[in-house]
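I wrote an entry for each thing I looked up.

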Amino acid sequence: MTALLTIIVLVFILVAIWQMVKIFDLAQAKNENSQVASDKDNTMNGYLMMGFLAFIYIITIVCFVKWGDLPLLSNSASAHGPTIDNLMVISMIIIFIVQTITQFLLHYFAFKYKGEKGKKALFFADNNKLEAIWTIIPVIVLAGLIIYGLSTWINIMGVDESDDPLVVELYAQQFNWKARYAGADNSLGKANVRLIDIDRANILGLDEADPNAQDDIITTELHLPVGKPVLFKMRSQDVLHSAYMPHFRAQMNCVPGMITQFGFTPTVTTAQMRETPQMQEKVNRINKIRVKNSEPLVAKGEEALERYEFDYLLLCNKICGKSHYNMQMKIVVETQEEYDAWIKEQKEFKNSLIN
């Protein structure tokens, strides 16, 4: 009932505003109201355009000084990460240069060629030279970016099987991740969502009759050995998800009914990343905020917020439902010895089933 009354009140308010606008228009009907801009209007608009141009440049400089810490992209932790960062930086530099020049020309010409009494506009119906210039230059620049981008993408996606990459499946479902390691044979067993049997703890639908599935290992935390190529096979149980690992510059959609893949080589361990000055500064800044936000909680007798500690994360980069924000999994990059010790502690699929 309250909602209905609210809607009715809003309708009446809108009707009242509409009637007031009509009354105002009728009151102004006898006044001279020319739609043609005068020299004064044109001059004012010309100066306003220059003022807005100055505002754009000033706010850009302020943003660079206050928030433009260089490098713009850093902390990549995969072998291909610097190449991705380089491509992004080149694109941003080109965009910045083009934007700076075109915005200046747009606003300056609006000021220089503003309408004035007795002044006749000079225009060209066509100019083949100008049209060739502003067509050829973007074509060359964009072609260069596209070729560079395609080359980078091919190098990233061309996982060399001769390098004997570690094969890991990332299994997405609303709203969590599971990782499945291929085991000693480094070959993932067959799986199908129709084979999921919760009563037997077959949560990923592995084919229990497939020999390659017997030594597979299912975990809720992703461990990767540093310097070892990793080939990820990705599945989704329900809707479209996206496996996003920002520090590794890696992202690939997880599509129901098909297997997608992405590969990279981690180059920085979790411990090493935690020791970088930039990461320590970030952690300290976050923890200062948490301490401040904990004060009213402690005053109420509640527990303080936990201290933040950096970890690599696997995130979902598709809005997959109401708990999408909570869909993440911890990634631990460690030495080969640490990885081997961890993997030995995990249960193989054949030993995890409930009979």
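Where in the chain does Phe175 lie? I found Phe175 in the loop between strand 1 and strand 2. The peptide bond that joins Gln174 and Phe175 is cis, with omega about 0°. I note here that the model is predicted.

Entry on the whole chain. I counted 8 helices and 10 strands in the protein chain. The C-alpha trace spans about 90 × 65 × 45 Å along its principal axes. I looked up the radius of gyration and got 30 Å, whereas a compact globule of 355 residues would have one near 20 Å. Buried residues make up 27% of the 355 residues.

I picked Cys63 and Trp342, which are 279 residues apart along the chain, and found 45 Å between their C-alpha atoms. Cys63 sits in helix 2, residues 39-67. Its relative accessibility is 33%, so I wrote Cys63 down as partly exposed.

Entry on salt bridges. Side chains of opposite charge can pair when their charged atoms come close. I took a Lys or Arg side-chain nitrogen within 4 Å of a carboxyl oxygen of Asp or Glu as the rule. The count by this rule is 8 salt bridges.

I began with Asp85 and Arg249, whose side chains meet in a salt bridge at 2.6 Å, N to O. Asp85 is in helix 3 (residues 81-112) and Arg249 is in the loop between strand 6 (241-245) and strand 7 (250-254), so this pair ties together parts that are 164 residues apart in sequence. I then checked how covered each partner is. Asp85 has a relative accessible area of 9% and is buried. Arg249 has a relative accessibility of 18%, and it counts as buried because the cut-off is under 20%.

Next I took Arg180 and Asp216, which also form a salt bridge, at 2.6 Å, N to O. Arg180 belongs to strand 2 (residues 176-181) and Asp216 to the loop between strand 2 and strand 3 (217-219), and the two are 36 residues apart. Both Arg180 and Asp216 are buried.

The last pair I looked up was Arg274 and Asp311, a salt bridge at 2.7 Å, N to O. Arg274 is in helix 5 (residues 270-274), while Asp311 is in the loop between helix 6 (277-299) and strand 9 (312-316), 37 residues apart. Arg274 is partly exposed at 26% relative accessible area, but Asp311 is buried at 19%.

Entry on surface charge. Which residues gather in a patch of negative charge on the surface? I listed Asp160, Glu161, Asp163 and Asp164. I placed Glu161 in the loop between helix 4 (128-157) and strand 1 (166-173). With 54% relative accessibility, Glu161 counts as exposed.

Entry on positive phi. Asn186 is not a glycine, yet its phi is positive, about 55°. Asn186 lies in the loop between strand 2 and strand 3 and is partly exposed, with a relative accessible area of 23%. Ala201 is not a glycine either, and its phi is positive at about 65°. I found Ala201 in the loop between strand 2 and strand 3. Its relative accessible area is 24%, so Ala201 is partly exposed.

Key. Residues are numbered from 1 along each chain as its sequence is written. This is a predicted model: local features need pLDDT of at least 70, side-chain atom pairs count only at pLDDT 80 or more; totals for chains, interfaces and linings use all residues. Side-chain values use heavy atoms; hydrogens and water are left out. Patches are made of residues with over 30% relative accessible area and no salt bridge: like charges are joined within 9 Å, nonpolar side chains (Val, Leu, Ile, Met, Phe, Trp, Tyr) within 5 Å. Accessible areas come from the Shrake-Rupley method with a 1.4 Å probe; for residues, only the protein chains shown count as cover. Lys and Arg count as positive and Asp and Glu as negative; His and the chain ends are not counted. The place of a charge is taken as NZ of Lys, CZ of Arg, CG of Asp or CD of Glu. Helices (H or I, at least four residues) and strands (E, at least two) are DSSP runs, numbered from the N terminus. Buried means under 20% relative accessible area, exposed over 50%, partly exposed in between (1.4 Å probe, protein chains only). The radius of gyration is taken over C-alpha atoms; the globule rule is 2.2 Å times the number of residues to the power 0.38.
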